[in-house]
Amino acid sequence: DYWKGINADGWQKEANGMKKMISAMARIPKDEIKGFRAPFLQMGGDEMYTGLSRDFHYDCSWTSRDFGYQHMNDGLYPYSMEYYSIQDCEIEPCPECSYKDFWVQPMLDLEDNWFGSNPLHPDWGQPWSML
């Protein structure tokens, strides 16, 4: 519940802290780190996107089953948050506002028997099991 409740400044601080660690430990220049993925894929709604849109260009935390393996022919490609999103909200809260020059790289659900996963496993089928 911690991630659901932090405000835009908290998300900005968290994301920039991750950027600083990645830059230091992976030796990737900070200005080349453009995207973010929320811890445990826990969305933070408009607070999260307000904080991220200040220093980042895209997010890859928003999961989708509606556009995943069951409807892979339709798919869902990266899209701009300038307009209303048709993406389903698997892990609330999801953003409702628009964000100029900010993009989403949807994380599509690929777990089912066709891809070899075991839906009876206690951890499988949960978004964090994909990490």
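These legends describe close-up views of a predicted model of a protein.

**View 1. The whole chain, element by element.**
The protein has 3 helices and 6 strands. Start at the N terminus and follow the chain: the elements run α-α-β-α-β-β-β-β-β. Of its 131 residues, 40% count as buried. Now consider contacts between residues at least 6 apart in sequence. Of these contacts, 59% join residues at least 24 apart.

**View 2. Helix α2, from end to end.**
Helix α2 covers residues 8-26. How far apart should its ends be? At 1.5 Å a residue, its 19 residues should span 27 Å. The end C-alpha atoms are 26 Å apart, which agrees. Look at the N-terminal end, where N7 caps the helix. A side-chain oxygen of N7 lies 3.2 Å from the backbone nitrogen of D9. Then go to the other end. Just after α2, R27 takes a positive phi of about 55°.

Which residues of α2 are buried? They are A8, W11, A15, M18, K19 and S23. Seen down the helix axis, these buried residues fall within an arc of 135°, so they line one face of α2. The cover over them includes helix α1 (2-5), strand β1 (35-36) and helix α3 (45-52). The face turned away from the buried side carries exposed residues: K13, K20, A24 and M25.

N16 is found in helix α2. Is N16 buried or partly exposed? Its relative accessible area is 27%, so N16 is partly exposed: buried would mean under 20%, and exposed over 50%. Now find D55. N16 and D55 are 39 residues apart along the chain, yet their C-alpha atoms are separated by 7.9 Å. Leaving out residues up to four places away in sequence, N16 touches D55 and F56.

**View 3. The open sheet.**
Four strands form an open sheet in the order β1-β2-β5-β4, with mixed pairing. Which strands sit at the edges? They are β1 and β4 (79-80), and each pairs on one side only. Strands of a sheet pair through backbone hydrogen bonds, either parallel or antiparallel. Strands β1 and β2 (residues 58-59) run parallel, joined by 2 bridges. To find one partner pair, look for F36: its bridge partner in β2 is D59.

Most residues other than glycine have a negative phi, and most peptide bonds are trans. F40 is not a glycine, but it has a positive phi of about 55°. F40 is found in the loop between β1 and α3. With a relative accessible area of 55%, F40 is exposed. Next comes D101, also not a glycine, with a positive phi of about 60°. D101 lies in the loop between β4 and β5. P93 has its place in the loop between β4 and β5 (103-104) too. The peptide bond from E92 to P93 is cis, with omega near 0°.

**View 4. Q42, a buried loop residue.**
Q42 has its place in the loop between β1 and α3. Its relative accessible area is 14%, so Q42 is buried. What is Q42 in contact with? Setting aside its neighbours within four places in sequence, its contacts are W3, K4, W11, M48, I91, E92 and P93. W11 is one of the buried residues of α2. E92 and P93 are the two residues joined by the cis peptide bond.

**View 5. Q87 and its polar contacts.**
Q87 is found in the loop between β4 and β5. At 7% relative accessibility, Q87 counts as buried. Where does its side chain reach? Leaving aside neighbours within four places in sequence, Q87 is in contact with W62, T63, S64, F67, L76, Y79, V104 and P106. Y79 belongs to edge strand β4 (79-80).

Notes
Residues are numbered from 1 along each chain as its sequence is written. This is a predicted model: local features need pLDDT of at least 70, side-chain atom pairs count only at pLDDT 80 or more; totals for chains, interfaces and linings use all residues. Side-chain values use heavy atoms; hydrogens and water are left out. Buried means under 20% relative accessible area, exposed over 50%, partly exposed in between (1.4 Å probe, protein chains only). Contact means heavy atoms within 4.5 Å. The expected span of a helix is 1.5 Å times one less than its number of residues. The arc is that of the directions from the helix axis to the C-beta atoms. A polar contact is a pair of N or O atoms within 3.5 Å; within protein, one must be able to donate a hydrogen and the other to accept it, and residues adjacent in sequence count only if both atoms are side-chain atoms. Two strands pair if DSSP finds at least two bridges between them.
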